[in-house]
Amino acid sequence: MSSHSRGLLAGVTLCRLTTMGGPNREVRMSLQTLRVLEAFLENPTDQLSGADVQKRSGLASGTLYPILLRLESAGWFVSRWEAIDPSSAGRPRRRLYRLTPTGLARASEVFASFGRGVPA
């Protein structure tokens with residue numbers, strides 16, 4: 001890397017992408033996506049940090065965060081930054097995720113569909 005390139009990168013701030021590939025209301029249901037939804041359905045009104053979801057689902061962060069972003073883009077979740085002072089708390093702020101009413105309805109439909117079987 002040239003000294004010119006290093007100088008350009010010194011002022012770069014990393015940011016969180018709010019979507020991955022634009023708005024998409026269709027959600028691909030993988031086993032991992034089901035595990036994320038299941039973590040939220042334990043107490044549907046709770047706000048969970050990514051670390052909370054990771055503990056409940058057992059998923060690695062590289063799998064978990066793209067799923068959270070995809071579900072947020074689809075309108076199943078909303079998220080916000082935790083309202084704390086990081087220096088007072090002694091830790092960074094966390095991003096908190098919550099199911100939307102639409103997300104709760106869709107997640108409930110997905111899990112209910114497992115009980116219906118497949119028509120012959």
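Contact here means heavy atoms within 4.5 Å. By that criterion, and leaving aside residues up to four places away in sequence, Glu82 touches Arg91, Pro92, Arg93, Arg94 and Leu96. The structure described in this report is a predicted model, and its confidence is taken up before the details of the fold.

**Confidence**

The average pLDDT of the protein is 82, and 75% of the residues score at least 70. Confidence is lowest in helix H1 (residues 3–10), where the mean is 48, and highest in strand S3, where it is 97. Across residues 8–22 the pLDDT is below 50, although this stretch has 13 contacts in the model beyond near neighbours in sequence. Where pLDDT is low, the predicted coordinates should not be read in detail.

**Overall composition**

The protein contains 6 helices and 3 strands, and from the N terminus on its elements follow the order α-α-β-α-α-β-α-β-α. Of the 120 residues in the protein, 29% are buried. The accessible surface comes to about 7800 Å², and carbon and sulfur atoms contribute 56% of that surface. Among contacts with a separation of 6 or more, 60% are accounted for by residues 24 or more positions apart.

In helix H2, the buried residues are Thr33, Leu34, Val36, Leu37, Ala39 and Phe40, and they pack against S1, H3, H4, S2, S3 and helix H6 (101–113). Thr33, with a relative accessibility of 1%, counts as buried, and beyond its neighbours up to four places away in sequence Thr33 touches Val27, Arg28, Ile67, Arg70 and Leu71.

How many aromatic pairs does a search of the whole structure find? The search returns 1 aromatic pair, formed by Phe40 and Phe77 in a tilted arrangement, with 4.4 Å centre to centre and 45° between the planes. Because Phe40 lies in helix H2 (residues 31–41) and Phe77 in strand S2 (residues 77–81), the pair ties together parts that are 37 residues apart in sequence. Phe40 is buried at a relative accessible area of 0%, and Phe77 is likewise buried, at 1%.

**Helix H3**

Helix H3 (residues 50–57) has Gly50, Val53 and Ser57 as its buried residues. Viewed down the axis of H3, these buried residues fall within an arc of 60°, and therefore they line one face of the helix. The cover over the buried residues of H3 includes H2, strand S1 (48–49), helix H4 (61–73) and strand S3 (95–99). Just after H3, Gly58 adopts a positive phi of about 75°.

Leu48 belongs to strand S1 and is buried, with a relative accessible area of 4%. Not counting residues up to four places away in sequence, Leu48 touches Ala39, Phe40, Val53, Arg56, Arg95, Leu96 and Tyr97. Leu48 and Arg98 are separated by 50 residues in sequence, while their C-alpha atoms are 6.6 Å apart in space.

Val78 is found in strand S2 and is partly exposed, with a relative accessible area of 33%. The residues that Val78 touches, not counting those up to four places away in sequence, are Glu72, Leu96, Tyr97, Arg98 and Thr100. Val78 and Leu96 stand 18 residues apart in sequence and 8.4 Å apart in space, C-alpha to C-alpha.

Glu82 lies in the loop between S2 and helix H5 (86–89). Is Glu82 buried or exposed? Its relative accessible area is 10%, and Glu82 is therefore buried, the cut-off for that class being under 20%. The side chain of Glu82 makes a polar contact with the side chain of Arg91 at 2.8 Å, and Arg91 is also one of the residues that Glu82 touches.

The accessibilities of several of these residues are brought together below.

| Residue | Relative accessible area | Class |
|---|---|---|
| Phe40 | 0% | buried |
| Phe77 | 1% | buried |
| Thr33 | 1% | buried |
| Leu48 | 4% | buried |
| Glu82 | 10% | buried |
| Val78 | 33% | partly exposed |

Key: Residues numbered from 1 in each chain as written. Predicted model: local features only at pLDDT ≥ 70, side-chain atom pairs only at ≥ 80, totals over all residues. Heavy atoms only, no water. Phe/Tyr/Trp six-rings, centres within 6.5 Å; stacked < 30°, edge-to-face > 60°. Helix = DSSP H or I, 4+ residues; strand = E, 2+ residues; numbered from the N terminus. Buried < 20%, exposed > 50% of the residue type's maximum accessible area, 1.4 Å probe, protein only. Areas by Shrake-Rupley, 256 points an atom, 1.4 Å probe, with all protein chains shown as cover. Polar contact = N/O pair within 3.5 Å; in protein donor to acceptor, adjacent residues only side chain to side chain. Arc of directions from axis to C-beta. pLDDT = per-residue confidence, 0-100.
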